[in-house]
Amino acid sequence: MNAYKVLRDRQQEEFNSIPLGFAFGQKQFDELLARWEITADEAPLKIAAIGAGGYIQKKDVPLLRAMTARHKAEMAAAIAEDQTGDGFICDMFSYELNNHEYSITYDTSDALEALGLTAAEVAADKRLQRGLALAHRQIMRVN
């Protein structure tokens, strides 16, 4: 079982429980306000934009911030616990490389970006180097 995917899926499920809304036009925004029982006049005081057409009620912003900070800390702890790069780190790279079609593109940049890592950070950490190399071999079926 891929430990990274387990963590990621749990975090995604928790994220999905946050009451967010998306609107890409006035009609959708009006429907969002109706669903949240907020009038157009109240919207500037009660709604916050989160980008990419997303909105959250201002009362829920602290919940979102706390959750995202906890998720970041959980990910950092899981990476730190993998002292060799053979476990969580390898799972992490394997999942994201596969998710970004590495076997077709041979390009790690999208996977690294999804993980919030730079090539320099990977090069500076032997565990990350090893995990990435192991994931490459798994994906490419190289021994």
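Helices here are DSSP runs of H or I with at least four residues, numbered from the N terminus. The model is predicted. Ser94 belongs to helix 5. Its relative accessible area is 10%, so Ser94 is buried, the cut-off for that class being under 20%. Leaving aside residues up to four places away in sequence, Ser94 touches Ala135, Gln138 and Ile139.

Helix 5 also packs against helix 4. The two axes lie 7 Å apart, and the packing angle is about 120 degrees. Helix 4 and helix 5 are therefore oblique to each other. On the helix 4 side, the contact is made by Met75, Ala78 and Ile79. Helix 5 contributes Phe88, Ile89 and Met92.

Helix 1 spans residues 3-16, 14 residues in total. From its first C-alpha to its last, helix 1 reaches 20 Å. That is close to the 20 Å expected at 1.5 Å a residue. Three residues of helix 1, Tyr4, Leu7 and Gln11, are buried. They cover an arc of only 70 degrees around the axis, which means that they sit on the same side of helix 1. Glu13 and Asn16, on the other side of helix 1, are exposed. The cover over the buried residues of helix 1 includes helix 4 (61-81), helix 5 (88-99) and helix 7 (109-115).

The N-terminal end of helix 1 is capped by Asn2. A side-chain oxygen of Asn2 lies 2.9 Å from the backbone nitrogen of Tyr4.

Most residues other than glycine have a negative phi. Ala52 is not a glycine, yet its phi is positive, at about 55 degrees. Ala52 is placed in the loop between strand 2 (47-51) and strand 3 (54-57). Its relative accessibility is 70%, so Ala52 counts as exposed. Glu101 likewise has a positive phi, near 55 degrees. Glu101 lies in the loop between helix 5 and helix 6 (102-105). With a relative accessible area of 47%, Glu101 is partly exposed.

Pro44 is part of helix 3, which covers residues 43-46. Pro44 has 57% relative accessibility and therefore counts as exposed, the threshold being over 50%. In sequence, Pro44 and Lys58 are 14 residues apart. In space, their C-alpha atoms are 9.6 Å apart.

Technical notes. Residues are numbered from 1 along each chain as its sequence is written. This is a predicted model: local features need pLDDT of at least 70, side-chain atom pairs count only at pLDDT 80 or more; totals for chains, interfaces and linings use all residues. Side-chain values use heavy atoms; hydrogens and water are left out. Helices (H or I, at least four residues) and strands (E, at least two) are DSSP runs, numbered from the N terminus. The expected span of a helix is 1.5 Å times one less than its number of residues. Buried means under 20% relative accessible area, exposed over 50%, partly exposed in between (1.4 Å probe, protein chains only). The arc is that of the directions from the helix axis to the C-beta atoms. Contact means heavy atoms within 4.5 Å. A polar contact is a pair of N or O atoms within 3.5 Å; within protein, one must be able to donate a hydrogen and the other to accept it, and residues adjacent in sequence count only if both atoms are side-chain atoms. Axes are lines fitted to C-alpha atoms, for helices over the stretch in contact, and angles run from 0 to 180 degrees between N-to-C directions. Angles under 35 degrees count as roughly parallel, over 145 as roughly antiparallel, 65 to 115 as roughly perpendicular and the rest as oblique.
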